[in-house]
Number of protein chains: 2
Amino acid sequence: MTGHENSANGEHLVLENAQLTLDNGSVLKALTLAYRTYGQLNDDRSNAILICHALTGDHHPSGANPLTGRAGWWDNMVGAGKPIDTDKYFVICQNVVGGCAGSTGPSTLRADGTPYGLDFPVITIGDMVRAQNLLLDRLDIPDLFCVIGGSMGGMQVLQWTAAHGDRVFSAIPIATAARHSSQNIAFHEVGRQAILADPDWHGGNYAAEKAEPRKGLAVARMAAHITYLSEAALQRKFGRNLQDRERLSYGFEADFQIESYLRHQGISFVDRFDANSYLYITRAMDYFDLAAEHGGNLANAFTDTSARFCVVSFTSDWLFPTSESIALVRALNAAGANVSFVEIESDKGHDAFLLDEPEMEKTIVGFLGAAAIARGLPAQNHPVTGDAHD
Amino acid sequence: MTGHENSANGEHLVLENAQLTLDNGSVLKALTLAYRTYGQLNDDRSNAILICHALTGDHHPSGANPLTGRAGWWDNMVGAGKPIDTDKYFVICQNVVGGCAGSTGPSTLRADGTPYGLDFPVITIGDMVRAQNLLLDRLDIPDLFCVIGGSMGGMQVLQWTAAHGDRVFSAIPIATAARHSSQNIAFHEVGRQAILADPDWHGGNYAAEKAEPRKGLAVARMAAHITYLSEAALQRKFGRNLQDRERLSYGFEADFQIESYLRHQGISFVDRFDANSYLYITRAMDYFDLAAEHGGNLANAFTDTSARFCVVSFTSDWLFPTSESIALVRALNAAGANVSFVEIESDKGHDAFLLDEPEMEKTIVGFLGAAAIARGLPAQNHPVTGDAHD
């Protein structure tokens, strides 16, 4: 196996003993930040793309994910010859601070051997992005060729351009918004209350009790999962089809496929995610409101960046509907930013950004290609290796 | 107080010792059905309007509700001089079988003094409507001038016309559908799983354990409540407004008004509703699929009725969207039914049917007035009494 292949598959790395000043005023010390890189940084250190993950994502967008045993969550998008081409770009993805995939979060053990639990400070999207800046500093990368992400990842993209705009050459916020809406806060609150209602949560100290709020977290995931799909997609995939039976049971078993599917989503989620991290990361999303942080005028958030933007939304996404992207585009226009906007026809709902959407891929390839020319990047970073994509 | 005033305020009544054969094949014996009537039945017994309540409703649409201490759930619609005018019509509302407001349901005590719990049979919309037919028989009312209801009440309206079409002169299904969609089953399943996850549910035997799955039922209600409102209404009413504070707390208190509101909705719901009834009634809605019961062709459901229909939907209702009403209207047209259809512009979401919607009121007044002429009902059932509305 060559070094190239290794880095295309992703290096698993940690940044240790970092220190982060948080928006709530406290300081997180001895911070660990798990991340993964793909591809090669060029000599100019000008070809780095940061991928920001969503609520329940991790730093394994591509290649085998050791946490799930499956392919990464954006494996269709990221890799050699793929839209985010690891033959051309140095791709970085960091597990957000507060997460549970390797970065310091509420389940991390403190010096005394106990996990933070609810002693962990409430973090924000701003804190997550500041932690990513620490990583850029450590890697000695002056600025990002591109920062890209969907949903909460898109919030981080916007936060990058608003708070660290001089470090961003281009930005692709997908299926996101510049503030979390009332309805979205409401769905998050239902999920949090489901976790808090579980007696196995133990006020956040479940680790000490050798317990886990599995049922509560599963219910939270089930509620959230519905919001990630469109009504049309649910009807198309499941409709009112029965699960492993020919007639209604007149009972409370999972008669319908959609029930069985949702139960499976809930149960499998708790195997890979920490309940307290779910509380903290949903809270960070709820707190996100770029306009409020800039005197009530969203355009003010973007006055200090020369980044070029590509805003992407999906027609059937009702969690982060196109109207949110339009509000963002209007503000970017008011700030005089260079912005293109694409609404992609899809019935797959919010999750469309994670799925095989040829229009999204074409949009990103086109935008990155034009940005690469503007940046003066070569068309290929590596010698052509004769892969299938060439 | 005159008899007229008494009946305008509503008589509280029960039908006892009924017997009901259920869709699941079993027979419910010694059934009690709580109901309420308003106004006077005319000599021809031809002016009865049956109001069908929704999932968490009861038989108190108008006047003081002894269960809540507040006005009935449709007090704006039902009463002397109101759109469903108790000066003209004899109005009946029955608590559905399986409910918890007086009719036999899972919390009802059996002969041995224990509640049914999960021994209660799974009931259907068809069973609910058959129980309403028992009441008509007992009251010696040959047929209904009108059957009206929203949401699950609308399902009952459709079931009336499909299964007992000869007893229906006119029908007003509001904000409803001829089948429960995959997305709606999904939301119900989340609510049920929240209840089942609560250790105080005790496999449905919480009464014996002197417990109540309050937290689980509250979470179920919170999730459901979001679906009753539109994103626009939530944004308009709550937005990102903070609750009793000037800045974010960086904690898990109800920082936002929407969180506080939802928590209140959850907590106050458990004081008036039984968790097992919630399981059973949501299940009845999930099972509803008129087309499936008629060879896969919805039009076939309406071939045996000469009822005139007024179908009403609301633009911002995403739980029972207008597309469901359109599918219904198409089937009614295919069946040669007399049908009018109104989609009402409103940002209030599914709950619009319970709220002060002048367009809905005008639609119903107009439809009922024309139907009354066709039925040969007098313009006024009672001598004018000089009330404000005259």
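The expected span of a helix is 1.5 Å times one less than its number of residues. The views below come from a predicted model.

**View 1. Helix α5 of chain A and its span.** Helix α5 of chain A covers residues 214-228, which makes 15 residues. From its first C-alpha to its last, helix α5 of chain A reaches 21 Å, close to the 21 Å expected at 1.5 Å a residue. Of the 15 residues of α5(A), 13 are buried, so this helix is largely enclosed by the rest of the structure.

**View 2. Strand β7 of chain B and the two faces of its residues.** Strand β7 of chain B runs over residues 146-150 and is mostly covered, with 5 of its 5 residues buried. In a regular strand the side chains alternate between the two faces of the sheet. From β7(B), B:Cys146, B:Ile148 and B:Gly150 point one way. B:Val147 and B:Gly149 point the other way, and all of these residues are buried.

**View 3. The strands that pair with β7 of chain B.** Strand β3 of chain B (residues 48-52) is joined to β7(B) by 4 bridges, and the two run parallel. In this pairing B:Ile51 stands opposite B:Ile148 of β7(B). Strand β8 of chain B (residues 170-174) also pairs with β7(B) in the parallel sense, over 4 bridges. Here B:Gly150 stands opposite B:Ile174 of β8(B).

**View 4. The crossover from β7 to β8 in chain B.** Helix α3 of chain B spans residues 152-163. Together, β7(B), α3(B) and β8(B) make a β-α-β unit, and this unit is right-handed.

**View 5. The surroundings of A:Arg167.** A:Arg167 sits in the loop between α3 (152-163) and β8 (170-174) of chain A. Its relative accessible area is 14%, which is under 20%, so A:Arg167 counts as buried. The side chains of A:Arg167 and A:Asp137 are joined by a polar contact of 2.9 Å. A polar atom of the A:Arg167 side chain also lies 3.1 Å from the backbone oxygen of A:Ile141. Leaving out residues up to four places away in sequence, A:Arg167 touches A:Asn133, A:Leu136, A:Asp137, A:Ile141, A:Pro142, A:Asp143, A:Leu144 and A:Trp160.

**View 6. Chains A and B as two copies.** Chain A is superposed on chain B by a rotation of 180 degrees with 0.0 Å of shift along the axis, at an RMSD of 0.0 Å. The two copies are therefore related as by a two-fold rotation axis. Both copies use the same surface, as 100% of the contact residues of chain A recur in chain B.

Terms used
Residues are numbered from 1 along each chain as its sequence is written. Chains are lettered from A and ligands numbered from 1 in the order in which they are written. This is a predicted model: local features need pLDDT of at least 70, side-chain atom pairs count only at pLDDT 80 or more; totals for chains, interfaces and linings use all residues. Side-chain values use heavy atoms; hydrogens and water are left out. Buried means under 20% relative accessible area, exposed over 50%, partly exposed in between (1.4 Å probe, protein chains only). Two strands pair if DSSP finds at least two bridges between them. A crossover is right-handed if, with the strands pointing away from the viewer, the path from the first strand over the helix to the second runs clockwise. Copies are superposed by least squares on the C-alpha atoms of residues with pLDDT of at least 70 in both. Contact means heavy atoms within 4.5 Å. A polar contact is a pair of N or O atoms within 3.5 Å; within protein, one must be able to donate a hydrogen and the other to accept it, and residues adjacent in sequence count only if both atoms are side-chain atoms.
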